[in-house]
Amino acid sequence: MYALILSAVLAFVISIVATPLFIKLFHRIGWGQFIRDDGPQSHHTKRGTPTMGGIVFIMATVLGYTIGKLVTWTPPSLSAILLLGLMVGLAAVGFIDDFMKISNQRSLGLGGWAKVAGQVIVGGTFAVLSITLRDEQGRTVSSLAISGVRDIPWLDLAQLGIVVGGILYVAWVLLMIVSTSNAVNVTDGLDGLAAGASILGFGGFVFIGFWQFNQSCLQLGGGGAIHEDLYRCYDVSSPLDIAIVAACIVGALIGFLWYNTSPAKIFMGDLGSLSLGGALAGMAVLTHTELLLILIAGLPLIETGSVIIQRAYFKITKGKRIFLMTPIHHSFELKGWEEVTIVVRFWIIAGICVTAACGIFYFEWVTAANG
């Protein structure tokens, strides 16, 4: 618990101190945001606002975790290393995209398939390592079973064989990572929207990881002891470290949000949004709560869903639209809602989704005691 709080506080301090320094730096070197011409006209006033601010909270997250581990004299876990590697890898993909926008002086960077290819390479590496590398107890940090609140026995892909099951599981993890990273990227369209929603999502994983640590099979049954809750314990690798990484991201994002809230002085860019979405998916994989990600990333998935529905309806009806503009937050802008109003109300929706996910997670544990 001490390491969790210390690391989160360190990440917050680094973020809130470093962000204004990076704002000045990005202004000086000309790393400013370009606005798409087909977006809301009110957004053109944001042209030139420093972008790629995700560098700050990713740096704060890595430093907060690393320093916290050094101070508490505890080694980093495989789970944490994989999560941080996933964040940094997807940030690299986002950096290329953002840098191309700045270099080409336009709002379009990497092509769609090129961006997906980068996400697949990074996400595929994470997926393969998670089912092949083993922790101190000899366990892989993820399993071949698709999980809800825990691994679902009848969805254990290992039943199809290690090779076939492994390939299908890597494809499943890739679907999660690519979908969630792009969903957060789509959500990052209003000042503070993606940062605030991500704080809530990672806050959910702080709770889940810490609860799994307190109810871990190793802790309850260590040394051959018999515990009344052993039958419903969690066989998750390093859940406390996952919670620490999540807490570092929360702390770093809170510091960043101080400057990212409306009117934003800096944007996170694709560098930041892709890394956040990937980290959410990675935590769902490593905590064995994959289907809960639908709720934890509820708001980003709603935003992405609005785009998919709009495009499908447009093609089917040959030019008709359901929403005024997508992602759906732009539709409310065109209806006359203030940007701050949209952001706060969407945060409320995100909070409801995360609360529901945590409620389902805890309810499963409680009902297991009565079952």
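Two aromatic rings of Phe, Tyr or Trp are taken as a pair if their centres lie within 6.5 Å, the six-membered ring being used for Trp. On that basis, in this predicted model, Phe207, Trp211, Tyr234, Phe361, Tyr362 and Trp365 make up one aromatic cluster. The count of aromatic pairs comes to 12.

Phe95 and Phe99 have ring centres 5.8 Å apart and planes at 20 degrees, so the pair is stacked. These two residues lie four residues apart in helix 3, a separation of about one helical turn. Phe95 is partly exposed, at 30% relative accessible area, and Phe99 is likewise partly exposed, at 36%.

The second pair belongs to Tyr234 and Phe361. Their ring centres are 5.5 Å apart and their planes stand at 15 degrees; with planes under 30 degrees apart counting as stacked, this pair is therefore stacked. It links distant parts of the chain, 127 residues apart: Tyr234 sits in the loop between helix 7 and helix 8, and Phe361 in helix 13. Tyr234 is buried at 3% relative accessibility, and Phe361 is buried at 0%.

I turn now to helix packing. Helix 3, residues 78-104, packs with helix 9, residues 269-286, at an angle of about 155 degrees, and the axes are 7 Å apart. The two helices are therefore roughly antiparallel, and their crossing is right-handed. Among the residues in contact are Leu83, Leu90 and Phe95 from helix 3, and Leu274, Gly278 and Met283 from helix 9. By class, this contact has 12 nonpolar, six polar and four charged residues.

Notes: Residues numbered from 1 in each chain as written. Predicted model: local features only at pLDDT ≥ 70, side-chain atom pairs only at ≥ 80, totals over all residues. Heavy atoms only, no water. Axes fitted to C-alpha atoms, helices over the stretch in contact; angles between N-to-C directions. Parallel < 35°, antiparallel > 145°, perpendicular 65-115°, else oblique. Left-handed = near helix turned anticlockwise from the far one by under 90°. Contact = heavy atoms within 4.5 Å. Nonpolar A, V, L, I, M, F, W, Y, C, P; charged D, E, K, R; others polar. Phe/Tyr/Trp six-rings, centres within 6.5 Å; stacked < 30°, edge-to-face > 60°. Buried < 20%, exposed > 50% of the residue type's maximum accessible area, 1.4 Å probe, protein only.
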